[in-house]
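The sequence and structure are shown first.

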Amino acid sequence: MNPYEKLLLQNKAWSKEKLELDHDYFNRLAHQQKPKFLWIGCSDSRVPANEITGTDPGEVFVHRNIANMVVHTDLNLLSVLQYAVEVLKVEHIIVCGHYGCGGIEAAISQKDFGLINKWLRNIKEVYKMYQKEVDAIENHTDKINKLVEFNVIEQCQDLIKTSIVQKAWKNRKGPEIHGWVYGLNNGLVTELVNIEANVENVNPIFRYSDDQF
Ligand code: CO
């Protein structure tokens, strides 16, 4: 059988199984979604948000891109963020990186990847910020993994620089921001950073004055 056809068969089996356990399952999900979490993760096929957090459809609003970046000119990310924060009113935003990230490894290298260079450039800027700490590590894998961690921390910072997050913090004291890193080799998440909903946590350079909101 064509592997592609297998996906459709598996879909039928999954739907049937869900209905057998709960005949109202899809009716309920179709009615509304009220996820408490926004997940910003890597596109890597080995880091599926729902599976690794044991959550079901309807529980996590998901945005994924190469190396879980929060790029302030990315209309896709910003639209997802605004919808999640202002309409769904998520209580937590999770930025989840993962050790052994190919996007981070590519950004550390000096290879020319064509169009992707433009995306990797954002990661290179993070590398530059932490160059001393990263370059002090000799082992190539450890070096990548250290930049994976720094990158998650910086993407959390990039989230709180947005007026979307700052406005929500002022108006409803949420959401909290969490920086995680996932281990491909053991399936475990390590928490790197938690940022509470307080504008004092935003560097004043990036802080919008209260009367704006
Ligand atoms: Co990755």
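## Helix α4: cap and length

A polar contact is a pair of N or O atoms within 3.5 Å; within protein, one atom must be able to donate a hydrogen and the other to accept it, and residues adjacent in sequence count only if both atoms are side-chain atoms. The model discussed here is predicted. In it, Asp74 caps the N-terminal end of α4, with a side-chain oxygen 3.0 Å from the backbone nitrogen of Asn76. Because the cut-off for a polar contact is 3.5 Å, the 3.0 Å between the Asp74 oxygen and the Asn76 nitrogen falls within it.

Helix α4 has 13 residues. From its first C-alpha to its last, α4 reaches 17 Å, close to the 18 Å expected at 1.5 Å a residue. After α4 comes Lys89, whose phi is positive, near 55°.

## Helix α4: buried side

Which residues of α4 are buried? They are Leu77, Val80, Leu81, Ala84 and Val85. These residues cover an arc of only 115° around the axis, so they are on the same side of α4. An α-helix has 3.6 residues a turn, so residues three or four places apart point the same way.

The cover over the buried residues of α4 includes β1, β2, β3, α8 and α9.

## The five-stranded sheet

The sheet is open and has five strands in the order β2-β1-β3-β4-β5, with mixed pairing. Strands β2 (60-65) and β5 (189-195) stand at the edges; each has a single partner strand, so one side of each is left without a neighbour in the sheet. Neighbouring strands of this sheet are turned by 20° against each other on average, direction ignored. Helix α4 packs on the sheet and touches β1 (37-42), β2 and β3, and its direction makes about 165° with that of β2.

Strands of a sheet pair through backbone hydrogen bonds, either parallel or antiparallel. Strand β1 runs parallel to β2, and six bridges join the two; Cys42 stands opposite Asn65 in β2. The pairing of β1 with β3 is also in the parallel sense, over five bridges, and Trp39 stands opposite Ile94 in β3. Strand β1 is mostly covered, with five of its six residues buried. Strands β3 and β4 pair in the parallel sense over seven bridges, and Cys96 stands opposite Trp180 in β4.

Phe61 is found in strand β2. Is Phe61 buried or exposed? With a relative accessible area of 17%, Phe61 is buried, because buried means under 20%.

Leaving aside residues up to four places away in sequence, Phe61 touches Gln33, Pro35, Phe37, Leu38, Trp39, Val80, Tyr83, Ala84 and Leu88. Among these contacts, Val80 and Ala84 are also buried residues of α4. Phe61 and Val47 are 14 residues apart in sequence and 15 Å apart in space, C-alpha to C-alpha.

Helix α8 spans residues 140-160 and includes Asn145. Asn145 is buried, with a relative accessible area of 16%. Not counting residues up to four places away in sequence, Asn145 touches Tyr99 and Gly100.

Lys143 is also found in helix α8. At 17% relative accessibility, Lys143 counts as buried. Its contacts, again without residues up to four places away in sequence, are Ile108, Tyr127, Val134, Asp135 and Ile137.

## Backbone exceptions in loops

Most residues other than glycine have a negative phi, and most peptide bonds are trans. Lys89 has a positive phi of about 55° although it is not a glycine. Lys89 is found in the loop between α4 (75-87) and β3 (92-98). With a relative accessible area of 45%, Lys89 is partly exposed.

Lys173 likewise has a positive phi of about 55° and is not a glycine. Lys173 lies in the loop between α9 and β4 and is exposed, with a relative accessible area of 63%. What kind of peptide bond joins Gly174 and Pro175? The bond is cis, with omega about 0°. Pro175 is found in the loop between α9 (163-172) and β4 (176-182).

Definitions and conventions:
Residues numbered from 1 in each chain as written. Predicted model: local features only at pLDDT ≥ 70, side-chain atom pairs only at ≥ 80, totals over all residues. Heavy atoms only, no water. Helix = DSSP H or I, 4+ residues; strand = E, 2+ residues; numbered from the N terminus. Buried < 20%, exposed > 50% of the residue type's maximum accessible area, 1.4 Å probe, protein only. Contact = heavy atoms within 4.5 Å. Pairing = 2+ DSSP bridges. Axes fitted to C-alpha atoms, helices over the stretch in contact; angles between N-to-C directions. Expected span 1.5 Å × (residues − 1). Arc of directions from axis to C-beta.
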